[in-house]
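Dear colleague,

Please find below the structure that I am handing over to you. My notes on what was found in it follow directly after.

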Number of protein chains: 4
Amino acid sequence: MIIKFSSDSTEENRSQLRKFLEENGFSFNVVRTQSNLYGVSIGKRQIDIRKVGDFAGVKDVFRVSDTYKLVSRKWRKDPTIIDLGDGVRVGEGNFGIMMGPCSIESEEQVRDMVNFLFESGVRIMRGGAFKPRSSPYSFQGMGLEGLKMFSNIAHERGLKIISEVLEPSQIDDMMPFVDIFQVGARNNQNFSLLKALGSVDKPVLLKRGISGTLEELLNSAEYIYSNGNERILLCERGIRTFEGAYRNVLDINAIPVLKAKSHLPVIVDPSHGIGLREFVEPVGLAGIMAGADGVIVESHARPEEALSDGQQTLNYSESKRFIEKANRVVQLRSELNNVGI
Amino acid sequence: MIIKFSSDSTEENRSQLRKFLEENGFSFNVVRTQSNLYGVSIGKRQIDIRKVGDFAGVKDVFRVSDTYKLVSRKWRKDPTIIDLGDGVRVGEGNFGIMMGPCSIESEEQVRDMVNFLFESGVRIMRGGAFKPRSSPYSFQGMGLEGLKMFSNIAHERGLKIISEVLEPSQIDDMMPFVDIFQVGARNNQNFSLLKALGSVDKPVLLKRGISGTLEELLNSAEYIYSNGNERILLCERGIRTFEGAYRNVLDINAIPVLKAKSHLPVIVDPSHGIGLREFVEPVGLAGIMAGADGVIVESHARPEEALSDGQQTLNYSESKRFIEKANRVVQLRSELNNVGI
Amino acid sequence: MIIKFSSDSTEENRSQLRKFLEENGFSFNVVRTQSNLYGVSIGKRQIDIRKVGDFAGVKDVFRVSDTYKLVSRKWRKDPTIIDLGDGVRVGEGNFGIMMGPCSIESEEQVRDMVNFLFESGVRIMRGGAFKPRSSPYSFQGMGLEGLKMFSNIAHERGLKIISEVLEPSQIDDMMPFVDIFQVGARNNQNFSLLKALGSVDKPVLLKRGISGTLEELLNSAEYIYSNGNERILLCERGIRTFEGAYRNVLDINAIPVLKAKSHLPVIVDPSHGIGLREFVEPVGLAGIMAGADGVIVESHARPEEALSDGQQTLNYSESKRFIEKANRVVQLRSELNNVGI
Amino acid sequence: MIIKFSSDSTEENRSQLRKFLEENGFSFNVVRTQSNLYGVSIGKRQIDIRKVGDFAGVKDVFRVSDTYKLVSRKWRKDPTIIDLGDGVRVGEGNFGIMMGPCSIESEEQVRDMVNFLFESGVRIMRGGAFKPRSSPYSFQGMGLEGLKMFSNIAHERGLKIISEVLEPSQIDDMMPFVDIFQVGARNNQNFSLLKALGSVDKPVLLKRGISGTLEELLNSAEYIYSNGNERILLCERGIRTFEGAYRNVLDINAIPVLKAKSHLPVIVDPSHGIGLREFVEPVGLAGIMAGADGVIVESHARPEEALSDGQQTLNYSESKRFIEKANRVVQLRSELNNVGI
């Protein structure tokens with residue numbers, strides 16, 4: 001059960017409620033996010049939620065039977081919109097395109113990409129400075145200095161940036177420079193990192209685990225939310241299967257199902273979802289048609305020279321074509337929803 | 001290597017070629033389909049294919065490095081179009097909608113569905129008479145009598161029908177009544193059945209195995225093709241994974257990749273692909289956007305009363321909405337391809 | 001619910017029972033096997049099974065909540081022992097080693113292997129005459145003539161043989177020559193074949209599907225059993241996963257779990273379970289320690305020259321060592337069970 | 001290529017070698033572990049390794065074609081033995097049993113378990129103080145205070161302890177109290193944590209990722225090794241599949257294959273590997289028969305009251321029986337290896 005407290009709820013109010021709930025065999029967690037105060041209460045017995053609603057300081061009470069609570073759509077029907085400022089929004093009618101290289105490699109590369117994106121109307125640039133690589137001997141990214149450079153150049157032209165964080169100790173350093181923290185698939189259940197991101201006042205894009213279930217993804221989002229940060233984007237990036245013809249299988253089913261289960265926006269990552277450059281476009285457009293609120297795509301001036309992920313990276317002309325087609329698909333989707341067919 | 005013979009190629013010609021190939025360490029299979037005569041030759045050594053082209057009776061020679069040969073796009077760039085007669089075509093610009101119940105249940109059900117589809121502009125009706133069920137105690141379908149009834153009613157209104165065949169001995173009985181033989185996921189590597197369907201002069205829709213690779217699917221299609229039948233439709237129907245939130249994961253990647261690997265048309269089955277009625281539409285539309293040449297969807301007047309697969313079956317109003325949206329997506333896809341963006 | 005009828009139960013008795021059950025919302029299937037007469041009745045409502053037990057001709061009644069019924073251990077606690085005659089038994093204390101080549105290739109090969117097995121004390125020889133191969137251009141086996149030759153030579157020395165059947169129409173031809181029919185992983189849900197094997201008076205070894213669940217395996221066994229044949233061996237042969245270091249993952253868990261769920265014996269196939277010759281031994285011994293009632297192993301005088309599966313096939317000295325070790329592990333397992341530790 | 005330096009190798013020596021290698025298109029990483037000094041050099045071109053061997057300060061040079069290097073068996077044939085002091089060793093003939101509760105819950109629980117293990121001859125106790133849980137509302141462990149209590153009581157009786165670490169910042173705090181750091185499946189690719197554990201002078205048990213490949217596991221071990229810590233135990237704990245009858249599928253194949261690929265000891269975790277208490281014994285014994293150097297098992301005085309993982313936890317009498325049987329299986333395995341059969 002989720003309890004929404006009014007702004008004038010007192011600690012005394014909550015203590016009394018805690019006493020009542022615990023006597024009835026329910027746990028009680030107070031969750032203070034950047035914008036709201038909630039109680040999350042879990043128990044096996046039946047309880048008359050109207051009694052909970054009668055306590056002083058309680059604004060509203062919702063039953064939520066899912067294992068995740070605050071990220072569930074069961075209590076919050078309106079979709080969450082992530083506002084990045086300067087008119088850049090993602091969610092519910094605001095389609096977000098995030099594009100850029102796998103790794104930040106040089107100032108020239110960043111400047112060139114920033115110009116390309118600016119001219120193409122893309123408002124959010126991706127780029128990794130700390131790279132999680134399977135082998136310790138692979139390129140590990142340019143680190144904080146690379147991130148600063150990336151941030152400065154992108155912000156000059158008004159682009160927002162998203163970049164991956166690997167551990168709690170990086171958060172403070174990265175904070176002034178990123179607009180969205182990205183949590184990669186390998187860290188989907190790095191709960192220390194998720195908790196630490198709960199206290200951050202910046203949006204977090206959370207990728208599904210390599211073989212993570214939707215329930216695990218939503219519970220991981222719950223870690224961030226219940227530690228204080230309501231601004232989360234979920235990202236479907238393909239799952240690991242037996243099929244060897246591509247790197248991953250983009251789980252298209254996850255897109256509409258996540259949107260039904262949660263009020264959080266859902267982003268599709270076709271680059272990792274298939275891992276083959278020539279098929280990023282059809283898979284990405286399919287993800288949009290399935291209902292994604294945004295797309296994150298790897299792009300590079302010369303993919304064959306990229307320091308990582310070149311085989312799944314679009315060049316500029318492919319990127320441009322993708323953006324144009326994506327916008328057309330978004331438009332059709334909106335028409336189909338609006339005319340009620 | 002694929003060798004295409006001219007129509008005046010003689011047995012003597014082919015014997016000489018066989019001798020040459022076998023001396024060079026190559027196998028040689030003559031494949032006589034309903035419309036063409038081929039040689040399929042496999043070997044590990046290098047051979048100068050111009051020498052093969054110089055043999056009498058040889059029209060053309062193609063190197064094909066895939067393990068499957070005749071179904072590969074490497075030798076045949078033009079996509080195959082399946083012509084069902086009466087202007088009903090599937091493939092390359094001819095989008096095919098196949099709709100109907102999981103199982104044929106009664107004359108009334110069939111008649112009602114035929115009328116619904118006719119009025120909705122759908123030209124191909126699906127319906128199972130022989131049902132492969134996990135448990136021997138589940139409803140096994142109405143059998144041949146059900147199929148005859150289905151066929152008669154559908155053909156009266158000019159609909160084509162597709163129905164599943166389970167074993168070679170059923171083929172002759174079903175032959176006069178079906179327009180497309182369907183091979184289910186469980187029979188994807190039932191090679192006896194595939195061989196038998198090679199000698200049939202009707203199209204075959206071949207579903208991918210429950211955990212079948214694309215290479216296995218294409219090799220299974222090769223069984224049909226190399227036994228004489230060139231008219232094959234490939235069908236992506238979801239794969240089995242660890243995710244418990246839905247019955248299968250529709251492998252959206254498979255659609256563009258199969259189309260790149262093979263000249264055969266690709267059909268998407270969102271009903272089995274997700275297994276949840278409320279999400280059949282977004283997943284099906286995504287499949288179209290990814291490039292599918294057709295869609296096969298379970299539909300029923302009252303899904304909750306269906307004898308099988310009710311939980312993934314659309315009712316009439318959902319079906320109607322799906323058809324309208326599908327047509328709009330097909331149209332957009334065609335525009336995006338044509339204007340070259 | 002399973003109803004066991006007495007030998008003097010009449011059709012009239014069963015009609016009355018059927019009437020009662022159907023009035024109470026239960027289905028009723030009479031199952032006549034080679035040795036018993038059962039009723040299998042399924043329904044959702046509660047029913048007092050004592051009332052069923054009071055009907056004339058009813059010997060015993062058992063509640064079985066599993067989706068499979070007659071193969072369940074819930075009604076039959078004593079394990080099934082498969083008796084092949086001449087003192088060759090598999091199940092419950094009778095450990096069965098089945099060994100031999102993937103494919104029958106020549107008379108010399110068979111004769112040599114028969115001698116090797118005879119001298120090593122192995123009583124059951126495997127060997128495929130009809131081979132299910134992914135590609136139509138691969139070696140498809142020596143066919144019926146090969147099987148006859150195999151059967152004659154093996155039977156001369158008193159070996160029992162197991163060989164794979166691919167379709168119902170082969171059963172009659174194979175019947176005089178095999179001692180155990182093998183159903184391969186690809187045919188695990190070829191229900192036509194399973195039904196046809198129900199009417200056969202020879203044991204059937206049923207391999208788990210490539211990605212088949214235990215419940216599907218047991219339901220497939222139920223097809224054979226409920227069509228008349230109680231003599232079934234279940235076989236764990238590895239499942240398909242994301243791991244590329246070996247062909248399959250032998251599911252060691254399946255062995256004790258299948259034995260707990262069913263009264264049928266369980267055979268482990270380490271050759272397909274890992275697909276790498278050098279690891280067949282440790283994986284096979286592990287399967288025995290986990291509780292397998294038998295093992296089926298690919299062996300060949302010269303694995304590197306085998307026409308199929310050479311990379312997972314033991315040579316004679318490896319086979320001999322495996323047999324000796326297997327016997328030691330069986331002995332230890334038996335000691336550990338007997339002394340009650 | 002791995003270069004082993006002699007103890008008198010100078011920085012100057014290594015600079016010259018670096019220059020040579022980089023000129024030949026090879027990378028060069030100096031790796032200083034707690035006991036050795038290596039160079040790891042990776043490149044695509046051919047190089048005459050004898051030339052490398054001729055450089056001053058170079059003791060030995062090994063070609064290693066695997067993506068992981070220092071953990072590979074290709075250069076180090078002798079298996080690594082982990083010495084925990086006081087005669088407790090794991091690896092190559094030293095079988096290690098690690099047993100204890102999933103979570104540390106109370107002083108009484110720990111004291112009781114310590115006594116039980118001591119009397120049963122088990123020398124290593126497991127117990128989690130920091131618990132990674134899917135949901136933020138689940139019990140998260142007793143934390144550092146719990147760990148101190150656990151450590152004190154266990155060390156009093158001479159037991160070694162293993163406990164899970166979740167993030168780099170915990171390492172210093174945990175250091176005085178644990179004998180083995182455990183990295184859980186969810187953190188298998190938490191590279192920040194792995195790097196940090198490289199500088200620790202205590203052994204690390206590294207669990208395979210939930211759907212991690214063997215290659216990923218070995219590369220993750222390489223992160224620890226190449227950051228300085230050679231004392232690593234690999235742990236197979238089951239992989240995620242489609243099978244719903246148990247929590248995971250213990251990948252028995254991984255055990256002999258990891259031992260062939262790496263010189264590090266391999267531990268089997270049957271508790272997580274199947275997740276069902278009644279089957280932990282057969283699966284664990286199978287793991288030993290397959291070649292595991294040790295086993296880690298969840299045990300609790302009253303599993304039904306455990307705060308986590310109760311459904312897969314043995315009680316004392318089951319634990320005792322498991323220990324006795326495990327020792328017998330280890331003994332048989334050793335006999336089978338020694339007599340050369």
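**Helix packing in chain B**

In this predicted model, helix α3 (residues 107-120) of chain B and helix α4 (residues 143-156) of chain B cross at roughly 30°, and their axes come within 9 Å. Angles under 35 degrees count as roughly parallel, so α3(B) is roughly parallel to α4(B). The crossing of these two helices is right-handed. On the α3(B) side, the residues that meet α4(B) are E107(B), V110(B), R111(B) and V114(B). Their partners in α4(B) are M149(B), F150(B), I153(B) and A154(B). By residue class, this contact comprises six nonpolar and two charged residues, with no polar ones.

**The interface between chains C and D**

Between chain C and chain D, 35 residues of chain C are in contact with 35 residues of chain D. On the chain C side, the elements that give two or more residues are α8 (254-261), α10 (280-289) and α11 (316-338). Of these, α11(C) provides the largest share, seven residues. The chain C side as a whole divides into 22 nonpolar, seven polar and six charged residues.

α10(C) packs with helix α10 (residues 280-289) of chain D at an angle of about 155°, the two axes lying 8 Å apart. Since angles over 145 degrees count as roughly antiparallel, α10(C) and α10(D) are therefore roughly antiparallel to each other. α10(C) passes α10(D) in a right-handed crossing. The contact is made by L285(C), A286(C), G287(C) and M289(C) from α10(C), together with L285(D), A286(D), G287(D) and M289(D) from α10(D). Six of the residues in this contact are nonpolar and two are polar, while none is charged.

**Domains of chain A**

For chain A, the domain assignment gives domain 1 (2-62) and domain 2 (82-338). The C-alpha centres of these two domains of chain A lie 36 Å apart. Six residues of domain 1 are in contact with six residues of domain 2. On the domain 1 side of that contact, two residues are nonpolar, three are polar and one is charged.

**Confidence of the prediction**

Chain A has a mean pLDDT of 96, and 99% of its residues reach 70 or more. For the complex, the predictor gives an ipTM of 0.96 and a pTM of 0.96.

With kind regards

Key
Residues are numbered from 1 along each chain as its sequence is written. Chains are lettered from A and ligands numbered from 1 in the order in which they are written. This is a predicted model: local features need pLDDT of at least 70, side-chain atom pairs count only at pLDDT 80 or more; totals for chains, interfaces and linings use all residues. Two residues are in contact if their C-beta atoms, placed from the backbone, lie within 7 Å. Helices (H or I, at least four residues) and strands (E, at least two) are DSSP runs, numbered from the N terminus. Ala, Val, Leu, Ile, Met, Phe, Trp, Tyr, Cys and Pro count as nonpolar, Asp, Glu, Lys and Arg as charged, and the others, Gly among them, as polar. Domain bounds come from an automatic or database domain assignment. pLDDT is the predictor's confidence in each residue, from 0 to 100. Axes are lines fitted to C-alpha atoms, for helices over the stretch in contact, and angles run from 0 to 180 degrees between N-to-C directions. Angles under 35 degrees count as roughly parallel, over 145 as roughly antiparallel, 65 to 115 as roughly perpendicular and the rest as oblique. A crossing is left-handed if the near helix is turned anticlockwise from the far one by less than a right angle, and right-handed if clockwise.
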